[in-house]
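Open the model in your viewer and keep the selection tool at hand. This tour goes from one selection to the next and says what is there.

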Amino acid sequence: MLPADLLFIGGVVYRGAGRSVVPEPLEVAVLDGCIAAVDADLSAWRGLATDVVDLAGGMLHAGFVDAHIHPIQGGLERLACDLSEGSTREEYLELIAAYAQLNPPRGCDASRSWITGGGWAMSAFPGGTPTAAELDAVEPIRPVLLYNRDHHGAWANSAALALAGITAETPDPADGRIERLPDGSPSGTLHEGAAKLVADLAPSPSPDDVHAALLEAQRYALSVGITGWQDAIVGDYFGSADTAQVYRRALADGRLLVDVTGALWWDRDRGVEQVPELVARRDALAADLGPHARFRLPAVKIMADGVVENGTASMLEPYLGPLGETEHPRGIAFVGGRDLIDAIVALDAAGFSAHVHVIGDRAARDALDGFEAARTANGWAERDPADARRHHLAHLQFVHPDDVARFAALGVTANMQALWACYEPQMRELTVPFVGEARAATQYPFASILRSSGAGGGMHSDTGMDARPVLCAGSDWPVSTPDPWQAIHVAVNRRLPEDDPEFDPEPLLPHEALTLAEALDAYTAGSAWITGRGPGDAEVAGVIAVGAIADLAATDRDPFAGEATGIHAARTVGTWIAGRRVFG
């Protein structure tokens, strides 16, 4: 027996994915980047060169994998005008004023000619719509464009609106809406595609800026135990540069540590004719880097609809109140109906995983119809369990009860952003009033989706393709924090921590709560499978088992041992990728 390179002792181990439902007092040995042994006493694996890590009563678990994240966008915002630490109108204006003062215009530096960034909450402003006049008071000269937390709307000042030529006569784009004053002139809030009217004019970050943003995002992710992710948009989106080249640069210079799969962007102004181009991009990267490189492009992201708060989520029934009286009373299907079905069938036939953004119940139904059509057209029943296609629907705020059981029946994974599944001001003021109590009771039905599968360990096997996870999880950062323990807290409690300034004591649909093991499995094994490193794959991550890649994280405590209301307090104290310590 060779001595271990790395040995974990002195704590508990959560093995995951049905291997255990609670942590166990075990030790873990790592050799050559993989887990070599898991047992109660591994002292025989200790050698003179073994790095022994004492967990000091904490818990070792598989590294988190974020199945839906925008890391470069998050990194850019952290390096720009970052409003994520504010929560009120006054705090946001103070942060903007401070940023403007610290970053004055500088010569021919185009990046200083605008103020960009984001992170404001809609609930901080009446109706969720801040005004240009408020921004003008702190920055009247330079154009300002700041995205809100969910990135489905932006706040612009008068200089930015004027530069874009947006006036009372400017029509709303097909995929968005310009918020207006009583005289029809733009108020300063731009929803969805309307933000692009201004965003297209803002200076693009330089390649060095974007590279720095990726490294900052990676540093932050490692600090909260994330060892892999799926970048939910790789491509030209609202003026963003194609981030594939950024990953390639970081990979070439040895600075990309996490395992990354990218979801190529589906151009919603086109149809299935773009599939050959997406195939060519995927295959060219695989030919250049190899099929098991640290950066791969196995998925395509389709944004089927928008969000409820601005009336762009695609709903089966009309919105209530003023949103129901707009030109689109049931929201906007960016890609819906036959177009979405055809897209999913074509992507599945081309070997892609479809990663579909769905918020409204109509969008969810259209997407499930697409997967049902693909199953028939493309012969899913004959596929190998290790088939590379890993279809999933992200967000799933509203799912009609008739569609809940279809996830398991079709072998489609629910990609949950669990931090949103709670009452907070935006939910109380801008969601429930727009949909009514009956539809509000269909929000984030994660437990119902899991229970309908009858799946042990969160994996279903009744689709002809064994060991496919029912749930995976992600943060959608920078929409919300990338810290998985915060999302897991809400998945289990269905409310925010009591010390959160937006805490509401009433849980949101508590019957939809997950157990801690279920939520942790989704954020580890479930998401690892989505990125191509699950059971049956050439490399396995997301679990602590002999032969699995030693992508691991350690917390400062055993979160199973205390009250569920304290889950959010767990802190990552160490992160390892293939047995190499990268944080802590």
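Which residue lies over the face of F334? Select F334 and look over its ring: R268 is there, at 4.1 Å from the ring centre. Keep in mind that this is a predicted model.

Next, select Y423 and R428. Here R428 lies over the face of the Y423 ring, 3.8 Å from the ring centre.

Now turn to rings that pair with rings. The count of aromatic pairs comes to eleven. For one of them, select F8 and W576. Their ring centres are 4.8 Å apart and their planes stand at 90°; planes over 60 degrees apart count as edge-to-face, so this pair is edge-to-face. The two residues come from distant parts of the chain, 568 residues apart. F8 is in strand β1, residues 6–9, and W576 is in strand β24, residues 572–577. Are these two residues buried or exposed? F8 counts as buried because its relative accessibility is 0%, under the 20% cut-off. W576 is buried as well, with a relative accessible area of 1%.

Select F125 and W155 for another aromatic pair. This pair is edge-to-face, with 5.1 Å from centre to centre and 65° between the planes. It also links distant parts of the chain, 30 residues apart. F125 sits in the loop between β9 (115–120) and α3 (132–136), while W155 belongs to strand β11, residues 153–156. F125 is buried at a relative accessible area of 3%, and W155 is buried at 0%.

The last stop is helix α8, residues 275–289. Its 15 residues should span 21 Å at 1.5 Å a residue, and its end C-alpha atoms are 21 Å apart, which agrees. Which residues of α8 are buried? Select V275, L278, V279, R282 and L285. Seen down the axis of α8, the buried residues fall within an arc of 135°, so they line one face of the helix.

Finish with G290, which follows α8 and has a positive phi, near 100°.

Methods. Residues are numbered from 1 along each chain as its sequence is written. This is a predicted model: local features need pLDDT of at least 70, side-chain atom pairs count only at pLDDT 80 or more; totals for chains, interfaces and linings use all residues. Side-chain values use heavy atoms; hydrogens and water are left out. Rings of Phe, Tyr and Trp (its six-membered ring) pair if their centres lie within 6.5 Å; planes under 30 degrees apart count as stacked, over 60 as edge-to-face and the rest as tilted. Helices (H or I, at least four residues) and strands (E, at least two) are DSSP runs, numbered from the N terminus. Buried means under 20% relative accessible area, exposed over 50%, partly exposed in between (1.4 Å probe, protein chains only). A charge sits over a ring if NZ of Lys or CZ of Arg is within 6 Å of the ring centre and within 35 degrees of the ring normal. The expected span of a helix is 1.5 Å times one less than its number of residues. The arc is that of the directions from the helix axis to the C-beta atoms.
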